[in-house]
Amino acid sequence: MSREVKLKDIASELNVSIVTVSNALSGKKGVSDSVRKQVIEKAKEMGYNTTKYEKKAEPTVRIGVIVSEKYLEVGASFYWALYQQVAYMASKKNSFTIFDVLESKKEEQKELPKILSEEGIDGIIIIGWMEHDYVKKIVESTKIPVVLLDFHIDDLPCDAVISNNYVGMYKMTRYLLERGHREIAFVGSIYANENIMDRYFGYRKGMMEYGISVKPEWVIKDRDIETNTLGIELPRKMPTAFVCNCDLTASILHDELKKIGYDVPEDISIVGYDNYLYGHSFANEVTTYNVDMEQMAKEAVHILLKRVKGISTHAGIHYVDSKVVERTSVKERTE
C-alpha cells in the first residue's frame with residue numbers, strides 16, 4: 001500500500017519550505033508564479049490530493065431590484081445606469097438580478113411590487129427614493145434582506161448606500177467660492193427628497209464658511225413635488241453662479257439662460273451634481289460632482305450578500321464620496 005503524499009514530501013523534492021508549498025497550492029500571495037507552477041505540477045506528479053485547496057463555488061443568489069417608473073421616463077435614466085452597475089457587480093459574485101419597474105399607480109395605492117411574490121428571491125435592492133410608508137410596508141412584508149440604494153429611511157432596520165450628498169455639494173459650492181463667486185444660487189426643490197435636502201445644506205455650509213447669507217429668492221425650485229415635472233423659474237436679479245442639485249437640472253437651467261441671451265460661462269457660471277447627463281451637449285461642458293455609481297453598486301451588492309449569508313452587522317448608512325469633475329462651465333471672477 002503506497003504511503004500518502006504530504007506537503008513536506010513536495011517541499012523536500014523542490015527544496016522549498018512547507019509554508020511555500022501550502023501558500024502555492026492555496027493561491028496565497030508571497031509565492032512567485034514560476035514557483036507556484038512548479039509546486040502544482042510536482043503535487044500532481046506525486047499524486048498529492050489537492051481537493052481541499054480547490055475553491056468551492058459560491059451559491060447563486062437571486063437579487064430582486066425595484067425601481068420606480070418615474071425615474072425611468074426621462075431619456076437614459078441615471079437609475080437605469082445605476083441598475084446596470086448593480087447587475088454587473090452581482091454577476092461578478094456568481095449572482096444575478098431580476099428587474100422590477102414599479103408602476104406609479106401601484107406606488108400611490110401602496111400595492112406591493114410583484115417581485116415580492118416571486119419564489120426564490122434571496123434579497124432586494126430598492127433604487128431611488130420612495131415614500132417612507134411605502135418602503136416600510138415593503139420591508140415589513142418580507143423576511144429577506146433589503147438594501148436601499150441612493151436614499152435612506154431613518155427608522156427602518158435595513159442598510160442604505162448613498163452618495164455623500166452633503167459633502168459633495170459642499171465641494172461644488174467651495175469650487176465656485178474659490179474662483180471668486182460670492183453671489184451663488186441653489187437650484188433644487190429641497191423638500192422633494194432627502195438627497196436634495198442634504199445637498200442644499202452642503203451648499204449652505206460652503207456659503208456660511210465665507211460669511212455669505214443665502215438669499216431666499218436664490219433658493220430656486222426645479223420640480224413639482226407632486227408630479228415630479230421639471231421646470232425652473234429664473235430670479236429677477238441674477239447671481240453670478242448657480243449650483244444645481246443634479247446635471248439634468250443644470251442642463252435645463254443652461255437652456256433657459258441661453259433663451260434669454262445669457263452665455264455660460266462668460267455671463268453666468270453653472271455647476272451640477274451626478275456626472276451623468278444623457279443626450280445633451282452641456283454634458284461635455286458642465287463642471288460637476290461625480291457620483292461613483294460603480295462603488296455604490298459594489299457596496300450595495302456586497303452588503304446584501306452578507307445579509308443573505310446571515311452575517312449579522314448593525315444596519316446603517318454607507319456613504320460613498322467622490323470628486324469634482326472639472327470642465328468649462330465656470331468662469332473665474334477677479335473683480
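I looked up Ile162 and found that its bridge partner in β11 is Tyr319. Strands here are DSSP runs of E with at least two residues, helices are runs of H or I with at least four, and both are numbered from the N terminus.

The model is predicted: local features need pLDDT of at least 70, side-chain atom pairs count only at pLDDT 80 or more, and totals for chains, interfaces and linings use all residues. Residues are numbered from 1 along each chain as its sequence is written, and side-chain values use heavy atoms, with hydrogens and water left out.

Next I checked the strands. β5 (residues 159–163) runs parallel to β11 and is joined to it by 4 bridges; two strands pair if DSSP finds at least two bridges between them. I then read the open sheet of 6 strands as β2-β1-β3-β4-β5-β11, with parallel pairing. β2 (95–102) and β11 (317–320) are at the edges with a single partner strand each, so one side of each has no neighbour in the sheet. Neighbouring strands are turned by 20 degrees against each other on average, direction ignored.

Last, I looked at two helices. α7 (residues 165–177) packs on α8 (residues 194–209) at about 40 degrees, with axes 7 Å apart. Axes are lines fitted to C-alpha atoms, for helices over the stretch in contact, and angles run from 0 to 180 degrees between N-to-C directions. The crossing is right-handed, meaning that the near helix is turned clockwise from the far one by less than a right angle. The contact (heavy atoms within 4.5 Å) includes Tyr166 and Met169 of α7 and Phe201 and Met207 of α8.
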